Amino acid sequence: MENNNYLEITDLSVAYGGIQAVKNISLSVPKGKIVTLIGSNGAGKSTTLRTIAGVVKPKSGSIKFDGQEICGKTPDSIVSMGITLVPEGRRVFDNLTVLENLKIGAYVHKHKLDEDLALVYDLFPRLKEREWQYAGTLSGGEQQMLAVGRALMSRPKLLMMDEPSLGLAPLIVKDIFNIIKTINEEEGITILLIEQNANMALKTADWGYVIETGEITMQGTGSELLANESIKEAYLGKRKE
Ligand SMILES: Nc1ncnc2c1ncn2[C@@H]1O[C@H](COP(=O)(O)OP(=O)(O)O)[C@@H](O)[C@H]1O
Ligand SMILES: [Mg+2]
């Protein structure tokens, strides 16, 4: 892989009390690329993203962003540096409108609010149409778009997404992945995507890592991993149900 690693994780370990959730993982995300981390439920994917975001403190290891160590920084300062997480489960504020939800995402630099809103509405015309609708009344797919739109309001350099396709109908999942591609290609935003939906994630990503019980067990280009027999068996629904 290229040397211009934007995000560089080295020997990262994270534990919750006695439970070692992430064991000595190293991974990197080059600038301008889409990297995916795939793995089954409980493998340590969310823990990895939450540690990068500063929400969980690691036991050991290093996380560098654009050459700077970010381990130990507060979640707020990590957002200010340009890293934003779209958390699992489309956490939008149900009792606020679409517009109010988006404004909350802009807390880092409110002065460019109109420009940021224009960008989000350009990517998601459906959010513009529903500007005054309460977020709690949106469909699952629309809520996911809102969660991504809100993250974009902070103008991230690195956007991290925690299972954006979870619980969505296949057609909506396709929309979400198309949007991820567009955000990457047209806005130049680097993306770290974690997914149980290995098929779509590997088709979309430039590079993929496989995490199993807290350890990185494989890595390669999306197409290499898609063609791999053990990945097909474990993650692509080719096993006997
Ligand atoms: N807040 C927590 N407290 C204790 N254990 C946790 C916590 N969050 C996750 N874990 C455990 O850490 C492991 C990894 O979880 P997680 O990172 O959420 O996996 P994934 O996102 O891949 O499904 C699991 O064994 C899970 O039970
Ligand atoms: Mg998770």
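Two strands pair if DSSP finds at least two bridges between them. Keep that in mind as you look through these close-ups, which all come from a predicted model.

**Figure 1. An open sheet of 4 strands, with antiparallel pairing.** Reading across the sheet, the order is β2-β1-β4-β5. The edge places belong to β2 (19–30) and β5 (68–69); each has a single partner strand, so one side of each is left without a neighbour in the sheet. To see one pairing in detail, find strand β4 (residues 60–65), which is joined to β5 by 2 bridges and runs antiparallel to it. Here Phe65 has Gln68 of β5 as its bridge partner.

**Figure 2. Helix α1 (residues 45–52) lies across β1 (5–16), β2 and β4.** The helix runs at about 65° to β2. How many of the 8 residues of α1 are buried? The count is 7, so to speak a mostly covered helix. The buried residues are Lys45, Thr47, Thr48, Leu49, Arg50, Thr51 and Ile52. Just after the helix comes Gly54, with a positive phi of about 85°.

**Figure 3. The surroundings of ligand 1.** Which residues surround ligand 1? They are Tyr16, Ile19, Ala21, Gly39, Asn41, Gly42, Ala43, Gly44, Lys45, Ser46 and Thr47.

**Figure 4. A second open sheet, built from 6 strands with mixed pairing.** The order this time is β6-β7-β8-β3-β9-β10. Strands β6 and β10 stand at the edges, and each has a single partner strand, so one side of each is left without a neighbour in the sheet. On average, neighbouring strands are turned by 15° against each other, direction ignored. Helix α1 packs on this sheet, where it touches β3 (34–38), β6, β7, β8 (190–195) and β9, and its direction makes about 150° with that of β7. Helix α7 packs on the sheet as well, touching β3, β7 and β8, with its direction at about 160° to that of β8.

**Figure 5. Strand β6 (residues 83–86) and its partner β7 (residues 158–162).** In a regular strand the side chains alternate between the two faces of the sheet. Are the residues on the two faces of β6 buried or exposed? Ile83 and Leu85 on one side, and Thr84 and Val86 on the other, are all buried. The strands β6 and β7 pair in the parallel sense over 4 bridges. Look for Val86, whose bridge partner in β7 is Met161. In the loop between β7 and α7 (170–187) sits Glu163. Glu163 has a positive phi of about 45°, although it is not a glycine. With 23 other C-beta atoms within 10 Å, Glu163 is buried, because 20 or more is the cut-off for that word.

**Figure 6. The hairpin of β9 and β10.** Strand β9 (residues 207–212) runs antiparallel to strand β10 (residues 215–221), and 6 bridges join them. One of the bridge pairs links Ile211 to Ile216 in β10. Glu212 stands opposite Glu215 in β10. Between the two strands there are 2 residues, and Thr213 in the turn has a positive phi of about 35°. Thr213 is partly exposed, with 14 other C-beta atoms within 10 Å.

**Figure 7. The largest nonpolar core, with 63 residues.** Which residues have the most contacts inside this core? They are Leu158, Met160 and Leu193. Helix α6 (residues 140–152) provides the largest share of the core, 6 residues. Zoom in on Leu193: leaving aside its neighbours within four places in sequence, Leu193 is in contact with Ile34, Thr36, Met161, Ile180, Ala201 and Ala205.

**Figure 8. Val98 in helix α3 (residues 98–105).** Val98 is buried, with 29 other C-beta atoms within 10 Å. Beyond its neighbours within four places in sequence, Val98 is in contact with Leu127, Arg130, Glu131, Gln133, Ala135 and Leu146. For a sense of distance, take Val14: C-alpha to C-alpha, Val98 and Val14 are 35 Å apart in space, and they are 84 residues apart in sequence.

Definitions and conventions
Residues numbered from 1 in each chain as written. Chains lettered and ligands numbered in written order. Predicted model: local features only at pLDDT ≥ 70, side-chain atom pairs only at ≥ 80, totals over all residues. Core = buried A, V, L, I, M, F, W, Y, C linked by C-beta atoms within 7 Å. Buried ≥ 20, exposed ≤ 12 C-beta atoms within 10 Å, placed from the backbone. Contact = placed C-beta atoms within 7 Å. Axes fitted to C-alpha atoms, helices over the stretch in contact; angles between N-to-C directions. Near = placed C-beta within 6 Å.
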